[in-house]
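Morning, everyone. Please bring up the model.

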Amino acid sequence: MPFPGGLWWLLCCRRGFTLLRRDYGEAEREADGEAEEEEEASFELRAQGDQGSLEVSLSQPTRSSSGSERSLLVAEEMRSLIVEKGPGPVEDDPDVLVKGWLQREMRGCMKTPWIRPRKYWFVLTPDSLDYYSSNEKGARRLGSLVLTSLCSVLWPDKQLYKETGYWSVTVFGRKHCYRLYTEHLNEAVRWVCAVQKVIDSKAPVQTPTQLLMRDVEEHRDSPEVLEQIYRCNPILRYTSGPLYAPLLPFPYGSLDQSAPGPRSYTTLRDEAVKLFNSLQQLESERDPVPLMQGVLQTCLDLPPLVDEIYCQLVKQTTEPPAPGGQGDLHYWQLLTCMSCTFLPSPPVLRFLRFHLDRTERRFPASEMAKYACFIREALGKTKGRECVPSLEEILVLMQRQEMICTVHCPGAPACSVAISSHTTAEEVAQELVSRLGLSQSPNLFALYEQSRRREQPVGSATLLADVLTRFENLAGEDREQDPPCRLCFKHYGFLDTDNVPRDSLEFALLFEQAHEMVLRGYVPTSEETLQTLAALRLQSLNSDFSTHAPFPRLEELFPPHVLHARLPPLPHRPPSKCRGARLRAGLLAGGLWGQTLAKQRAERDQRLRGRLREEGASTMAAIVEKWKLLQGMGRPEAMAAYVALVREWPGFGSTLFDVDLQASPVGAGPQRLWLGIGAKAVSLYKPGEPEPLDSFCYGRISSFGASDSSTFRLSVEDRDLLFETSQVDEIAQLLNTYLASAGAQRLPRPQEPPTSAPTLEPPVLPQGLCPAPGPWQHRPPVGSSHS
């Protein structure tokens, strides 16, 4: 039955008055509420200069000093931070820093356009930000926000001004967030600067956990005092209840959501409490590895939380209800992963080491003591990670073991190397150089990250654990398939390719690398020579011709781009400039005519694939005929003949990079070129041409470096060459390697003024290894010449 019209009018009026009372009456109700909440302020905040003990019942911390104890109630502690003020603003108060009218956002005010923010009289003092109902003497103080060193203030937002017409001033406190608005930008900036100056003037606050950490460090040689500290302060011990506030001080306010990473986070304080809840879930998890990785990822995204998690883990592993139980060991295992990933600040590090020593003394020969010993050793090696440990790494760290890393060697069996979370690419390269008998080789070797699309060297200072984590992330859900990326050990720089013994492993590596260059099209030669090289490759793999011999795919023997070059080019139709023609084409593409075009394209692609199969079959037949002519040639001879043919190209031994020349010597436009970096010179090649367009020995190069992330600059005598490339770091790294191997010295970066210091000693390069990548900017020594 519908309501009468009068009843509807009564309900609407009641609803409207309720909204108005909620918005406009909020300040009156907040006056008492804010005061009560300020008095309920957090137990964890104390000024740094405060002395004395702290003893709070239940789970609150208790602090004793010099055997004397005194109780301090939470309300009394916060009253000491709040300055008592009179009933109204005092115009001639010398403590007033800034005062004026501002509009404060009430609940839902800025989102409700028909309710404007209400104006209040705001007064900023060295201790708080207060607001009153008016600026008259005796006006009622409606609220107060105590300012400490943990408060924060946000600058005015231009986007909000465009949407609302107001400049915002947001001040974050522990219990409250004041969102203030003004129509003038200069007034908003004045308030922001004044509030920030007050915040900066405040002494840092400390939590009870920090104070107790200091007490533990001071009395570490007094067992009786230490036991009393742990007994009287439950905040230091295991708890099964939730944590309502972080153990360490964090600034109030929201995080910058523009930080890199797919995750979105709230405030640091909230995230710290959430992490403690995650830690407590570890006790009952049957598979704690994903949860551990999530905690580690949060710490990587939010570095300020690293110390907090260390303190939480120390707390939960101190006097647990079941020492050595499954839940307790999960805490120790996560602490092990943390120690291999992050290094805490010095105060937390000292507290952590004391906790490890205390655990080993109390539980000798136990699993906890073994984890404590492992963590202590790991802390001495950890320097920071780019990625969190992979799932495999977490599993081995839980068992305090090493990972097995597989490194592929072209022309040789794959090598298995045991690595830890701290093993670098340089250490593995040194081990492989020694294991494979390459210590006497003058050439340089390195580890490479190989994928189906790209290959790049691994810097010698890079942690292999981070590389494996990237591989795991790229693999995604296709764990049953072959990994898309792998580690490979190869030549990095060729200093001498003529004197490599043919029966050595290095010659096999040289042969495989030359074959990779051929397949990638980096050896410009005739098609006849390419077919001969493919036949020599078959001879080295299968020996003499046989119909039962396994045949590799054609793309593993012959450069695929040569076959694609034989196909007729696709017709190119320039886009129509007429708007009507584009509209008609768009309409036709979505109808029957579009289906006809799609069918024509499918038929054309099928014809091209058939033509490509025909060309491939004829090329394979020619390769087989040449293979038959190699009857009786052994594998070493076939490999030597293959390398000899490739060495006929003058650029053999150089590493080629695809670049776009932006500043050519003749002033032409951008050109697609090959930039060849060799041991003696830097050369420019036109793709497919055997002879270089130009070549510069290192004596002619005055400097080189990265202009930006995609531009490499090469200064040759009186001209600068700019190359657009995605491999700026790789080019600079390789140039630096050749200069270092030749005894060249590093000079200051361009932004640093050159000093008149004496000549530096040439850098010592580990034999057979490449240096770590970095921001390069070098200038070869004057007078050096390498023809």
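Start with strand E17, residues 655–661: 7 bridges join E17 to strand E18, residues 671–677, and the two run antiparallel. Strands pair here if DSSP finds at least two bridges between them. Within that pairing, Leu 656 stands opposite Gly 676 of E18. E17 also has 2 bridges to strand E23, residues 719–724, again antiparallel. There, Asp 660 has Glu 724 in E23 as its bridge partner.

A word on provenance. This is a predicted model: local features need pLDDT of at least 70, side-chain atom pairs need 80 or more, and totals for chains, interfaces and linings use all residues. Numbering runs from 1 along each chain as its sequence is written, and side-chain values use heavy atoms, without hydrogens or water.

Now, how many cavities of 30 Å³ or more does a search of the whole structure find? It finds 5. A cavity is a set of points, on a 1 Å grid over the protein atoms alone, where a 1.4 Å probe fits but cannot get out; lining residues have an atom within 4 Å of a point. Volume is the space filled by probe spheres set on the points, which are joined across faces, edges and corners.

Helix H10, residues 305–316, gives the largest share, 3 residues. Helices are DSSP runs (H or I, at least four residues), strands likewise (E, at least two), numbered from the N terminus.

Finally, the chain: 23 helices and 24 strands. Of its 787 residues, 46% are buried, meaning under 20% relative accessible area with a 1.4 Å probe, protein chains only.

Methods. 1 Å grid on protein atoms, 1.4 Å probe; cavity = no way out; pocket = protein on both sides within 12 Å on 5 of 7 lines; lining within 4 Å. Buried < 20%, exposed > 50% of the residue type's maximum accessible area, 1.4 Å probe, protein only.
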